[in-house]
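Dear colleague,

Please find below the structure I promised to hand over, followed by notes on what was found in it.

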Amino acid sequence: MGKEVKQKWREWLQRYRDRVREDGTSDAERRKRMNEVNPKYVLRNYIAQQAIERAEEGDYSLVEELLEVLRRPYDEQPESEHWFAKRPELARRKAGCSALSCSS
């Protein structure tokens, strides 16, 4: 990253800090508000691909599970925490997960 880009980031960060101070909202309240508008659970390509592959074999259980999770994407769902985890390594190389074809 060049000096100019770093400087722009520093300036943006300072403006953000100033705005946060001016707002006077506590960190906990700001975090709560952000979580209310940013979903925790998002359908990722590698997850959708897993559901598609199972469904093609006649097993729709993963499709149904994901549907239930995604009906409440903003809620804490401890039983579904594994869908919030980082993408597994296998998904980095598998077509339909990360390496999309031109026809996707």
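**The cavity and its surroundings**

There is one cavity of 30 Å³ or more, where a cavity is a set of points, on a 1 Å grid over the protein atoms alone, at which a 1.4 Å probe fits but cannot get out. This is a predicted model, in which local features need pLDDT of at least 70, side-chain atom pairs count only at pLDDT 80 or more, and totals for chains, interfaces and linings use all residues. Residues are numbered from 1 along each chain as its sequence is written, and side-chain values use heavy atoms, with hydrogens and water left out.

The largest cavity has a volume of about 40 Å³, the volume being the space filled by probe spheres set on the points, which are joined across faces, edges and corners. Its lining (residues with an atom within 4 Å of a point) consists of Y41, V42, L43, I47, L66, V69, L70 and W83, and the largest share, three residues, comes from α4, a helix (a DSSP run of H or I, at least four residues, numbered from the N terminus).

Q77 is found in the loop between α4 (61-70) and α5 (90-93), and Q77 is buried (under 20% relative accessible area, with a 1.4 Å probe and protein chains only), its own value being 1%. Leaving aside neighbours within four places in sequence, Q77 is in contact (heavy atoms within 4.5 Å) with Y41, E68, V69 and R72. A polar atom of the Q77 side chain lies 2.7 Å from the backbone oxygen of R72.

With best wishes

Methods:
Helix = DSSP H or I, 4+ residues; strand = E, 2+ residues; numbered from the N terminus. Buried < 20%, exposed > 50% of the residue type's maximum accessible area, 1.4 Å probe, protein only. Polar contact = N/O pair within 3.5 Å; in protein donor to acceptor, adjacent residues only side chain to side chain. 1 Å grid on protein atoms, 1.4 Å probe; cavity = no way out; pocket = protein on both sides within 12 Å on 5 of 7 lines; lining within 4 Å.
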